[in-house]
Amino acid sequence: MKVSVIGSGYVGLVTGTCLAESGNHVLCMDIDESKIDMLNRGSVPIYEPGLEELIKRNTAHGRLSFTTDMSAAVRNADIIFIAVGTPPGEDGSADLKYVLGAAKEIGTHLNGYKVVVNKSTVPVGTGDKVRAAVASRAKHKFDVVSNPEFLKEGAAIDDFMKPDRVVLGAESPRAIEIMQELYAPFVLKNDRILIMDIRSAEMTKYASNAMLATKISFINEMANICGSLGADIDAVRRGMGFDKRIGFEFLFPGVGYGGSCFPKDVKALVQTAKEHRVDAAVLKAVEAVNERQKKVLLTMILEHFRTKTGRRRTAAAKPLSGRTIAMWGLSFKPRTDDMREAPSVVLINGLLRAGAEVRAHDPVAMGEAYKIFRDRIFLAGDDYEALKGADALALVTEWNEFRRPDFSLMKKLMKSPVIFDGRNIYNREELRKLGFIYYGIGRN
Ligand SMILES: NC(=O)c1ccc[n+]([C@@H]2O[C@H](COP(=O)([O-])OP(=O)(O)OC[C@H]3O[C@@H](n4cnc5c(N)ncnc54)[C@H](O)[C@@H]3O)[C@@H](O)[C@H]2O)c1
């Protein structure tokens, strides 16, 4: 089949590449010329494991190409995906200007029947708006389908190739048949294609992200309660997880959720509910707990240096002036370079405001970190370099390579052996035996 994808970011690029891998001819389009230039030169603008190799293979076979030309993208395709961004507007609602702008352009260039598939995460009712935007310019028939994306950054290729489910919101039997054919190679083992009305498909995406965000805020709240009661969240988490109705998935305490999806999708759903006079009380609490959680490590660090060191300060001195804090992990989660809404950004800003110097390292997000902080923090070439002369280490993202470090080398490099473990990846007793002062989330 001939497919075009409008918007070649995390979702568009993965969608286009995986559809090319299953034999379709795919044209990925973006308005960002530098992104398309990079892709045409054979480099990949984002870090996503396995993506570069797939792009190389499919471009070499002539099944995948890149363009900034919207007309070519529309004219040459039977199926057109919209995968542009839907950032939050001022009131938290999803800003649809990119989606509807793309829809109008699709209408302008329509040269025959096509299926217009919305893959961006959009509020319920957007399907109607997309249909109206395309129709305002179109001289040919078309159908609109909602096909929300559930991939996880860091495991995006696998998620797309072996989806838990494919949700299709559609009314037209013709469009449904085309979409089922397109997705058939990805659901060979079992039929995981769920066909529903467009509104329900749009809502399924928000409800899923809202549930995942709720699990994170819930376990973080439990961790905070454990921390102040002298209970250990890790024991509690295990004790809960064996109950099949609860399970172990996605119940890890930490420094709050970030990324380009959960924060904006929870906000957007709260706003949609409000517009329809529903008070989304649970979701508002989920968001409030998360905002608080992003500050938990900073609070611990300030408290440690206030109480444990007994150092006297003048009233004017900032609480962490003269302190150096090393930081491991900057991306909002492992296996991605994405720093959108990352808890690390909140922590770094707090540390800088408190007068600390920050020495940070991340396996892949250093370029993104430089765009945000420039020379306001020291970006260390490797994890051990970040520790040199540090008064403490804050572990923020649980990259695998941070899990079993050389603790004796760490002790030698640091000015004082203090670890704030924002993901509970270290063995507290072991570290204490080695002479570290250890702080975790919801552990004493
Ligand atoms: N990133 C994820 O993990 C993820 C997962 C599921 C769903 N989503 C949703 O998918 C959508 C895209 O997210 P993303 O992370 O890929 O965003 P992104 O910011 O990485 O990419 C969006 C791309 O769209 C391009 N664009 C904007 N307007 C355009 C236009 N008129 N024509 C062509 N290109 C245009 C931008 O230049 C950008 O490259 C969002 O709605 C998001 O909520 C994201």
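The buried residues of helix H14 are Pro 343, Ser 344, Val 345, Leu 347, Ile 348, Gly 350, Leu 351 and Leu 352. Here, buried means under 20% relative accessible area, exposed means over 50%, and partly exposed lies in between, with a 1.4 Å probe and protein chains only. The model is predicted: local features need pLDDT of at least 70 and side-chain atom pairs count only at pLDDT 80 or more, while totals for chains, interfaces and linings use all residues. Residues are numbered from 1 along each chain as its sequence is written, and side-chain values use heavy atoms, with hydrogens and water left out.

**Helix H14 and its surroundings**

Helix H14 spans residues 343–353 and is mostly covered, with eight of its eleven residues buried. Helices (H or I, at least four residues) and strands (E, at least two) are DSSP runs, numbered from the N terminus. The buried residues of H14 pack against H13, E9, strand E10 (357–361), H15 and E12; contact means heavy atoms within 4.5 Å. Just after H14, Gly 355 takes a positive phi of about 95°.

**The six-stranded sheet**

Six strands form an open sheet with parallel pairing, in the order E11-E10-E9-E12-E13-E14. Two strands pair if DSSP finds at least two bridges between them. Strand E11 (378–379) and strand E14 (437–439) stand at the edges with a single partner strand each, so one side of each is left without a neighbour in the sheet. Helix H13 (residues 296–307) packs on the sheet and touches E9, E12, strand E13 (418–421) and E14. The direction of H13 makes about 155° with that of E13; axes are lines fitted to C-alpha atoms, for helices over the stretch in contact, and angles run from 0 to 180 degrees between N-to-C directions.

Within this sheet, strand E9 (residues 324–328) and strand E12 (residues 392–395) pair in the parallel sense over four bridges. Met 327 stands opposite Ala 394 in E12. Strand E9 also holds Ile 325, which counts as buried because its relative accessibility is 0%. Leaving aside neighbours within four places in sequence, Ile 325 is in contact with Ile 301, Phe 305, Leu 351, Ala 356, Glu 357, Val 358, Arg 359, Ala 392 and Ala 394. The C-alpha atoms of Ile 325 and Ala 210, which are 115 residues apart along the chain, are separated by 33 Å.

**Strands E1 and E2**

Strand E1 (residues 2–6) and strand E2 run parallel and are joined by five bridges. Ser 4 stands opposite Leu 27 in E2. Strand E2 (residues 25–29) is mostly covered, as four of its five residues are buried.

**Ligand surroundings**

Of the 25 residues around the ligand, Asp 30, Lys 35, Thr 86, Glu 153 and Lys 264 come nearest. A residue is near a molecule or strand if one of its heavy atoms lies within 4 Å of it.

| Residue | Ligand atom | Protein atom | Distance |
|---|---|---|---|
| Ile 31 | nitrogen | polar backbone atom of Ile 31 | 3.5 Å |
| Thr 86 | oxygen | N or O atom in the side chain of Thr 86 | 2.5 Å |
| Ser 260 | nitrogen | N or O atom in the side chain of Ser 260 | 3.5 Å |

Taken alone, the ligand exposes 830 Å², and the protein buries 88% of that. Accessible areas come from the Shrake-Rupley method with a 1.4 Å probe; for residues, only the protein chains shown count as cover.

**Individual residues in loops and helices**

Arg 374 has a positive phi of about 45° although it is not a glycine. Arg 374 lies in the loop between helix H15 (366–373) and E11, and at 45% relative accessibility it counts as partly exposed. Asn 424, also not a glycine, has a positive phi of about 50°. Asn 424 is placed in the loop between E13 and helix H18 (428–433), and it counts as buried at 11% relative accessibility.

Arg 237 belongs to helix H10 (residues 233–241) and counts as buried at 13% relative accessibility. Leaving aside neighbours within four places in sequence, Arg 237 is in contact with Ile 219, Phe 248, Leu 251, Phe 252 and Pro 253.

Technical notes. A polar contact is a pair of N or O atoms within 3.5 Å; within protein, one must be able to donate a hydrogen and the other to accept it, and residues adjacent in sequence count only if both atoms are side-chain atoms.
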